[in-house]
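Please look through the sequence and the model below before reading on. The report then takes up confidence, strand pairing and some backbone angles in turn.

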Amino acid sequence: MTYRASYWKTTAISFVAACLCLFALVRLLSLKLAFVPLSLLGFALAMITLTCLLIATGGVVCLWRDAREIAGIADFLAGFAVRVPTPSLLSALGLRFLQGARLRPGDLVQVRPRHEIEATLDAQRTMAGLPFMFEMEPFCNRIFRVHRRVDHINDMRNKTGLRRTRDVVTLTEVRCSGSAHGGCQAACQILWNDAWLRKMPDRQPATAVLEAASYVPLPCALADSEETDPTYFCQMTTLWEVSQPLAPIDIRQDFRPLISGNISFADFGLTLLTRIFNIVQDLRGGAGYPFMPQHRLQGPSPSAEQHFKAGDAVVVRSKDEISQTLLNGKNKGLWFDKDMIRFCGQSAIVRKRVSKIIHESTGKMAVLKTPCVVLEDVVATGEFLRLCPQHEYIFWREIWLRRSPQVQQSEIAPGG
């Protein structure tokens, strides 16, 4: 395969370069000279050796991941976004006190009573720009685990890339119902300001303790309730206001997921090595990981109505089959991105059909001309967005899936 040859070429060249630099460094040190220029040269050789070793190791990781994909083995990150949170690196080292009082993945928390949360809100029912939506009220007084710290988000409104967020977390299995937003079916993860949560002792059982209270979903639109095309106001439409610019060269954003406990040390190492290798491949015009075959599609993108419904067992088609349905990487306007390739060939259960969602840029309800489906436990990992913790459901065209009547739901592991 041509792309694997590209992987091997970069890996081999990097390894040979590392060996040559290491040999030169050893020879230089054997001279036992103390001249400053030689010391600087030694430091430069050491850095080049380390860099080449990282690139070569990244190449080995990508070759390994690609071999697993060819063998039909699920990628190690396929179920990452739905895994039980692990203790952070600092917590594992007994240094959690260095992180301060901020909540961390795995912490047991209770959502504060509604009246306490409302005391933190302004006239627009927001705190630091983050709305407290009506769909969040049923979760008040209930106990959950913190799932991820949301330290950066992907700007979908202005397409500026990643932006910094502070004092925000997500809770395990807590998503928006869309009941107060026109029945939006995106099922986005709800974002919670730290101030809206109360940390509980770890010995407390993680069971719901919802207090008896009436809950009436109300329309949440900026426009008049009688307007036929209202503009909705929700967390996904306000991410720009909640976040701040984040410099692409700020490498701290690469280490926050590890330090906060969003990802394990092993997973972090593998994703970082993959990213380093992909940067080099991009610079030299080589194939990146994961590789997606390209086909020149003639005419409009094809579609296939298979009328999937919740509970149907399906298999994601191979990337070669899917690539033949794409025009400039899209099918009927829907991207098939790199984060979706890891699920190719994997079994899943249909969660629901999606025909309308709120558009992040306009706040308008977008009715999809070609409905999509979402799959149980198949959510974005954020690997190629510097481990962005927005683990939203991935939308799939029906033509990218095939029925699997032999597979029962109990046989399918989370994440494929």
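This is a predicted model: local features need pLDDT of at least 70, side-chain atom pairs count only at pLDDT 80 or more; totals for chains, interfaces and linings use all residues.

## Confidence in the model

Residues are numbered from 1 along each chain as its sequence is written, and side-chain values use heavy atoms, with hydrogens and water left out.

The protein averages a pLDDT of 86, and 85% of the residues score at least 70. Confidence is lowest in helix 3 (residues 89–92), with a mean of 63, and highest in strand 8 (residues 192–193), at 97. Helices (H or I, at least four residues) and strands (E, at least two) are DSSP runs, numbered from the N terminus.

Strand 4 (residues 143–149) is largely enclosed by the rest of the structure, because six of its seven residues are buried, which means under 20% relative accessible area, whereas exposed means over 50% and partly exposed lies in between (1.4 Å probe, protein chains only).

Two strands pair if DSSP finds at least two bridges between them. Strand 1 (residues 108–111) runs antiparallel to strand 4 and is joined to it by three bridges; within this pairing, valine 109 has phenylalanine 144 of strand 4 as its bridge partner. Strand 4 also pairs with strand 7 (residues 168–171), in the antiparallel sense and over three bridges, and here arginine 149 stands opposite valine 169 in strand 7.

## Backbone angles in the loops

Most residues other than glycine have a negative phi, and most peptide bonds are trans. Arginine 125, however, has a positive phi, near 60°, and is placed in the loop between helix 4 (114–118) and strand 2 (126–127). Lysine 332 has a positive phi of about 55° although it is not a glycine; its place is in the loop between strand 12 (330–331) and strand 13 (334–335), and at 37% relative accessibility lysine 332 counts as partly exposed.

The peptide bond from tyrosine 289 to proline 290 is cis, with omega near 0°, and proline 290 is found in the loop between helix 7 (265–284) and strand 11 (313–316).

Key: pLDDT is the predictor's confidence in each residue, from 0 to 100.
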